[in-house]
Amino acid sequence: MITKKTIPLETTITFETKCYENDWEYILKGSYLKKMIDRCGIQFTVRQLIINNIKNRELVESYAKRKVAEGVIDVYYFTEDTEEEVLNFFKLTKESLGKGFVYSISEFTGIYKCKTDFLLHFSSDAYLTKTAKKSTWISEAIEQMKNNNTFIVATPCWNHLYLSAKAESYGTTGNFYLAQGFSDQCYLIPVKIFQQKIYNEKHPYSERYPQYGGELFEKRVDSFLRTHDYYRLIYKKVSYIHANFPKTKAKKKAYMFVTKKLGNEFTTLFRTPSCIHRFYDIIISVVKTLFHRYTNMTHKEFN
C-alpha cells in the first residue's frame with residue numbers, strides 16, 4: 001500500500017499515446033501524431049509511442065522509425081517485447097486481467113517504461129481541442145497535485161461535457177472539478193505512484209465498466225481511487241475529443257481520403273461519437289445537472 005506523501009512539483013514529463021492493428025495507420029501515417037502532441041502546448045521531456053497487437057511488425061516499425069527520424073517522437077515500444085516483465089513488475093497475470101489484458105497492456109507498459117516524473121497519456125483516438133494549446137491546465141494540475149497529495153490524476157473535460165463532469169464531482173479546487181471516476185482516454189499522473197503495486201483493489205462502483213473489457217487497467221485504477229479516497233482533477237475550461245476511428249475498410253479508406261484532401265487530421269467524419277451524438281450527450285448532461293440540483297447535491301470548495 002502506498003502512503004500519501006507530498007508529490008513534489010517537477011518539470012520532467014512524458015507524452016504518450018498508443019496504437020494497435022486497427023488504428024496504427026491513423027497514427028503513423030500523415031501528421032496526426034505531430035498535431036496531437038503540438039496541441040498539448042508544452043515541451044515534453046520524452047515523447048513515446050506504445051505499439052500493441054500488430055500483425056506486421058516490420059511494416060509498422062518502419063513507420064515508427066520515420067516518426068523518430070522526423071523528431072515527432074523520441075522512442076517507441078512493442079508490448080510483446082516486455083509483457084511478462086511488465087506483468088511481473090505490477091504483480092499481475094494474464095489470467096487476472098482476463099479479457100482486459102489486450103486492452104490494458106499498453107497502459108501498463110507505458111507506465112513501466114516511463115522515466116519522467118509525470119506521464120500524460122492519450123488513447124490513439126483522443127485529442128485536445130485547438131484552444132487547449134494556450135491553456136495552462138497541465139501546469140495547474142501539477143501544482144494542484146503538489147499542494148494536495150490526494151489528487152493523483154488530472155484530465156481535461158471530455159467531449160465538452162462540462163456539466164456532466166460537474167454532476168459527477170464531489171467539489172472543486174481552482175479550475176478543476178474533483179471526482180473519483182477514471183478513464184484511460186486521457187490521464188496526467190505522477191509516475192512514482194502508478195509504478196507501485198496498486199492494481200489489485202476492488203470497489204463495488206467500479207463494476208460499472210463493460211464486461212467485455214474484463215479486469216482492465218481503468219477499472220483497477222478506478223477501484224484504487226475509490227478505495228483509498230484519492231481524486232481525479234477535471235479541468236473546467238478545456239476539453240479533449242474522443243471519437244473512435246472507423247473500423248470497416250470502406251469507412252477507413254473514406255476517412256483517410258478525406259483527411260488527406262482536406263488536410264484535417266482531426267475530422268470526426270465516419271467516427272463515433274459523431275458531432276450529432278456528442279451534442280445529444282451534452283443535452284443529457286444538462287438533464288443530469290438539473291437532476292442533481294433538484295436533489296440538493298452541492299459542490300464545496302476543497303482547501
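Is Glu207 buried, partly exposed or exposed? The legends below take up this question along with several others.

**About the model.** This is a predicted model, in which local features need pLDDT of at least 70 and side-chain atom pairs count only at pLDDT 80 or more, while totals for chains, interfaces and linings use all residues. Residues are numbered from 1 along each chain as its sequence is written, and side-chain values use heavy atoms, with hydrogens and water left out.

**View 1. Glu207 and Lys219 meet in a salt bridge.** Let us start with the residue from the opening question. Glu207 is partly exposed, at 45% relative accessibility, whereas Lys219 counts as buried at 6%. (Buried means under 20% relative accessible area, exposed over 50%, and partly exposed in between, with a 1.4 Å probe and protein chains only.) Their side chains come to 3.1 Å, N to O. A salt bridge here is a side-chain nitrogen of Lys or Arg within 4 Å of a carboxyl oxygen of Asp or Glu. Glu207 sits in the loop between helix H9 (191-194) and helix H10 (217-228), and Lys219 lies in helix H10, 12 residues apart. Helices (H or I, at least four residues) and strands (E, at least two) are DSSP runs, numbered from the N terminus.

**View 2. Arg57 forms a salt bridge with Glu80.** The closest N and O atoms of this pair are 2.8 Å apart. The bridge links distant parts of the chain: Arg57 belongs to helix H3 (residues 57-69), and Glu80 to the loop between strand E3 (75-78) and helix H4 (83-89). Arg57 is partly exposed at 27% relative accessibility, and Glu80 is partly exposed at 46%.

**View 3. Arg57 also meets Asp81 in a salt bridge.** The N to O distance is 2.8 Å. Asp81 lies in the loop between E3 and H4, 24 residues from Arg57 in the chain. Asp81 is partly exposed, at 48% relative accessibility. Through shared partners, salt bridges join Arg57, Glu61, Glu80 and Asp81 into one network. The whole structure holds 17 salt bridges.

**View 4. The largest nonpolar core has 57 residues.** A nonpolar core is a set of buried Ala, Val, Leu, Ile, Met, Phe, Trp, Tyr and Cys residues joined through side-chain atoms within 4.5 Å. Among the residues with the most contacts inside this core are Leu28, Leu33, Phe122 and Trp137. Strand E10 (residues 231-242) gives the most to the core, with seven residues. Apart from this core lies another, of 28 residues, including Val86 and Phe224.
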